[in-house]
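Me: I am new to protein structures and would like to learn how to read one. Could you take me through it, feature by feature?

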Amino acid sequence: MAEIDVRQPSQAELEELGVLDWPVWEKEASRFPWTYDEKEVCYVVEGRVTVEPEDGEPVTFGAGDLVTFPAGMNCTWDIHEGVRKHFRLGD
């Protein structure tokens with residue numbers, strides 16, 4: 001299973017990707033299961049989250065991180081601080 005990729009992008013990279021034009025998703029502190037039917041790339045504007053893959057190590061990320069989730073991943077989201085993110089689905 002592919003892993004979650006987390007990194008700190010430059011402002012230039014964010015502009016090149018067009019992140020600010022992507023849809024926005026927000027959610028309060030909570031815990032819930034999730035399955036990625038397709039690849040998702042997201043840029044976290046606010047909050048802190050730990051994602052626990054069904055068959056991998058937990059990954060924690062937050063504001064300023066660009067995160068890529070692989071298609072087909074089953075996981076549990078644990079939102080520690082309300083999250084606001086821009087996201088893009090597919091390749």
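Reply: Happy to; we will go from the overall layout to the strands, the core and the salt bridges. Please keep in mind that this is a predicted model.

Me: What share of the residues is buried?

Reply: "Buried" has a cut-off here: under 20% relative accessible area. Buried residues make up 42% of the 91 residues in the protein. As for the surface, the protein exposes about 5,300 Å², and carbon and sulfur atoms supply 46% of that area.

Me: What can I learn from contacts between residues that are apart in sequence?

Reply: They tell you how the fold brings separate stretches of chain together. Take the contacts between residues at least 6 apart in sequence: 76% of them join residues at least 24 apart.

Me: Now the strands. Which strands pair with strand 4, and in what sense?

Reply: To read pairing, look for the bridges between two strands and for the direction in which they run. Strand 4 and strand 7 are antiparallel and share twelve bridges. Strand 4 also pairs with strand 6 in the antiparallel sense, over four bridges. Four bridges join strand 4 to strand 5 as well, and these two run antiparallel.

Me: Which residues could I look up as bridge partners?

Reply: Valine 44 has lysine 85 in strand 7 as its bridge partner. Cysteine 42 is partnered with valine 67 in strand 6. Threonine 50 stands opposite threonine 60 in strand 5.

Me: How many residues lie between strand 4 and strand 5?

Reply: Five residues lie between them, and the two strands form a hairpin.

Me: Is strand 4 largely enclosed or largely open?

Reply: To decide, count its buried residues. Ten of its 14 residues are buried, so strand 4 is largely enclosed by the rest of the structure.

Me: Let's look inside. Which residues touch the most other members of the largest nonpolar core?

Reply: The largest nonpolar core has 17 residues, and Val51, Phe61, Phe69 and Trp77 touch the most other members. Strand 4 (40-53), strand 5 (59-62), strand 6 (66-69) and strand 7 (74-89) each supply at least two residues of this core. The largest share, five residues, comes from strand 7. Apart from this core lies another, of six residues, among them Val19, Val41, Tyr43 and Leu66.

Me: What does phenylalanine 69 touch?

Reply: Leaving out residues up to four places away in sequence, phenylalanine 69 touches Ile4, Tyr36, Lys39, Glu40, Cys42, Val51, Phe61 and Trp77.

Me: And how many salt bridges does the structure hold?

Reply: There are eight. For each one, check the distance, the elements that are joined and the exposure of both residues. In one of them, lysine 85 and glutamate 40 meet at 2.5 Å, N to O. Lysine 85 lies in strand 7 and glutamate 40 in strand 4, so the pair ties together parts that are 45 residues apart in sequence. Lysine 85 counts as buried at 4% relative accessibility, and glutamate 40 is buried too, at 6%.

Me: Where does the salt bridge of arginine 48 and glutamate 81 lie?

Reply: The closest N and O atoms of arginine 48 and glutamate 81 are 3.7 Å apart. This pair links distant parts of the chain, with arginine 48 in strand 4 and glutamate 81 in strand 7, 33 residues apart. Arginine 48 is partly exposed at 36%, and glutamate 81 is partly exposed at 43%.

Me: Which residues are linked in a network of salt bridges?

Reply: Asp5, Arg7 and Glu13 are linked in this way.

Note on methods:
Residues numbered from 1 in each chain as written. Predicted model: local features only at pLDDT ≥ 70, side-chain atom pairs only at ≥ 80, totals over all residues. Heavy atoms only, no water. Core = buried A, V, L, I, M, F, W, Y, C linked by side-chain atoms within 4.5 Å. Buried < 20%, exposed > 50% of the residue type's maximum accessible area, 1.4 Å probe, protein only. Contact = heavy atoms within 4.5 Å. Salt bridge = Lys/Arg side-chain N within 4 Å of Asp/Glu carboxyl O. Pairing = 2+ DSSP bridges. Areas by Shrake-Rupley, 256 points an atom, 1.4 Å probe, with all protein chains shown as cover.
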